[in-house]
Amino acid sequence: MTPPTLSASELFSHVGRDDLAALDDLIAAADQLSRRGRCQGGPLIDWLEPQLHPGGVWGDRRLIIFTEYRATQNWLHNRLSGGAGTKTATASTGGHCSATR
């Protein structure tokens, strides 16, 4: 016989304040690490700034970066986008039709 499905509150009823505090610490650490430059990505970002955005002004130069992994593309896109509402980076995959590339 298959055991009944437990609700989330039943599964986690044993989680105490210390556990929740430890989880908050882990979430904060993960957030901080995700904002740090990675070994390969940090130097690229450092190089791009003076090349494409000297003195805080966008010039006419553009750059295409090819990545092997989608996770790398997502990380670079997030780092280069510069925040909500900006259009400093565009991500494209081979799956896009030619009109949207």
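Before I come to the helices, a word on how they are compared: axes are lines fitted to C-alpha atoms, for helices over the stretch in contact, and angles run from 0 to 180 degrees between N-to-C directions. What you see above is a predicted model, in which local features need pLDDT of at least 70 and side-chain atom pairs count only at pLDDT 80 or more, while totals for chains, interfaces and linings use all residues. Residues are numbered from 1 along each chain as its sequence is written, and side-chain values use heavy atoms, with hydrogens and water left out.

The protein chain has 4 helices and 0 strands, where helices (H or I, at least four residues) and strands (E, at least two) are DSSP runs numbered from the N terminus. Of its 101 residues, 11% count as buried, buried being under 20% relative accessible area, exposed over 50%, and partly exposed in between, with a 1.4 Å probe and protein chains only.

Let me turn to one helix pair. Helix 3, residues 41–52, packs against helix 4, residues 70–81, at an angle of about 35 degrees, and their axes are 12 Å apart. On the helix 3 side, G41, G42, L44, I45 and L48 meet W75, L76, R79 and L80 of helix 4, contact meaning heavy atoms within 4.5 Å. By class, that contact comprises 6 nonpolar, 2 polar and 1 charged residues, with Ala, Val, Leu, Ile, Met, Phe, Trp, Tyr, Cys and Pro counted as nonpolar, Asp, Glu, Lys and Arg as charged, and the others, Gly among them, as polar.

Now to the largest pocket, which holds about 1000 Å³ of space. A pocket here is an open set of points on a 1 Å grid over the protein atoms alone, where a 1.4 Å probe fits, with protein on both sides within 12 Å along at least five of seven lines; lining residues have an atom within 4 Å of a point. The volume is the space filled by probe spheres set on the points, which are joined across faces, edges and corners. Of the 31 lining residues, L63, I65, L80, A89 and T90 are the closest to the centre of this pocket. Helix 4 gives the most to the lining, with 6 residues.

Finally, which residues does A89 contact, leaving aside its neighbours within four places in sequence? They are H77, L80 and S81. A89 itself is found in the segment after helix 4, and it counts as buried because its relative accessibility is 15%.
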